[in-house]
Amino acid sequence: QGGEARQERGERERLQTEVLDGADVICSTLSFAGSGVFARMARPLDALVVDEAAQAVEPSCLIPMSLGMKQVFLVGDPSQLPATVISDAAREHGYDTSLF
C-alpha cells in the first residue's frame, strides 16, 4: 500500500510539473513557491510579481526569488498595513521587516 501511495504522489508531482512547464502565467502564494514544484520545472521563470509586498516579510519573499527569476516586481503600499508577524520572538529578531 505504501508503494501505491508513493507512486500516486510521484505521478501527481509529474503532472503538476508538466502543467507548470506549459503555463505562461503561474499564480502562487509565497510559501507554496518553496514546495519544490517550481524547482522541478524544466525552464526557469522569467519574472516574479509579489502582490501586497509591503505586508510580506523578507524571508517569505526570498523563497520564490531563490528560483532564479530574471525580474522581480514588488507591488504594494507601504503606507498601509506593515509586514505581518504574529510571533513576538520573531519580531524581536527583526523578522517583521518587508522588502519595502
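Leaving aside neighbours within four places in sequence, with which residues is methionine 69 in contact? Contact here is defined as heavy atoms within 4.5 Å, and on that basis methionine 69 is in contact with Leu45, Asp46, Ala47, Leu48 and Pro64. The structure is a predicted model, in which local features need pLDDT of at least 70 and side-chain atom pairs count only at pLDDT 80 or more, while totals for chains, interfaces and linings use all residues. Residues are numbered from 1 along each chain as its sequence is written, and side-chain values use heavy atoms, with hydrogens and water left out.

Methionine 69 is placed in the loop between α2 and β2; helices (H or I, at least four residues) and strands (E, at least two) are DSSP runs, numbered from the N terminus. With a relative accessibility of 14%, methionine 69 counts as buried. The C-alpha atoms of methionine 69 and alanine 47 are 5.3 Å apart, although the two residues are separated by 22 residues along the chain.

Lysine 70 is also found in the loop between α2 and β2 (71–74), but at 68% relative accessibility lysine 70 counts as exposed. Apart from residues up to four places away in sequence, lysine 70 touches Leu45 and Asp46. A separation of 8.8 Å lies between the C-alpha atoms of lysine 70 and proline 44, which are 26 residues apart along the chain.

The largest nonpolar core is made up of twelve residues: Leu20, Ala33, Val37, Phe38, Met41, Leu45, Leu48, Val50, Ala53, Ala56, Cys61 and Met69. Such a core is a set of buried Ala, Val, Leu, Ile, Met, Phe, Trp, Tyr and Cys residues joined through side-chain atoms within 4.5 Å. Alanine 53, one of the core residues, touches Leu74, Val75, Gly76, Ser98 and Phe100 when residues up to four places away in sequence are not counted.

One aromatic pair is found in a search of the whole structure. The ring centres of phenylalanine 32 and phenylalanine 38 are 6.0 Å apart and the planes stand at 80°, so the pair is edge-to-face. Rings of Phe, Tyr and Trp (its six-membered ring) pair if their centres lie within 6.5 Å; planes under 30 degrees apart count as stacked, over 60 as edge-to-face and the rest as tilted. Phenylalanine 38 is buried, at 9% relative accessible area, whereas phenylalanine 32 is partly exposed at 38%.

The volume of the largest pocket is about 500 Å³. A pocket is an open set of points on a 1 Å grid over the protein atoms alone, where a 1.4 Å probe fits, with protein on both sides within 12 Å along at least five of seven lines; lining residues have an atom within 4 Å of a point. Of the 21 lining residues, Ile26, Cys27, Ala47, Leu48 and Val49 are the closest to the pocket centre. Strand β1 (residues 47–50) gives the largest share of the lining, four residues. The lining divides into 15 nonpolar, two polar and four charged residues.

Glutamate 52 lies in the loop between β1 and α2 (58–65). Its phi is near 55°, a positive value in a residue other than glycine. Glutamate 52 is partly exposed, with a relative accessible area of 37%.

Notes
Points joined across faces, edges and corners; volume = space filled by probe spheres on them. Nonpolar A, V, L, I, M, F, W, Y, C, P; charged D, E, K, R; others polar. Buried < 20%, exposed > 50% of the residue type's maximum accessible area, 1.4 Å probe, protein only.
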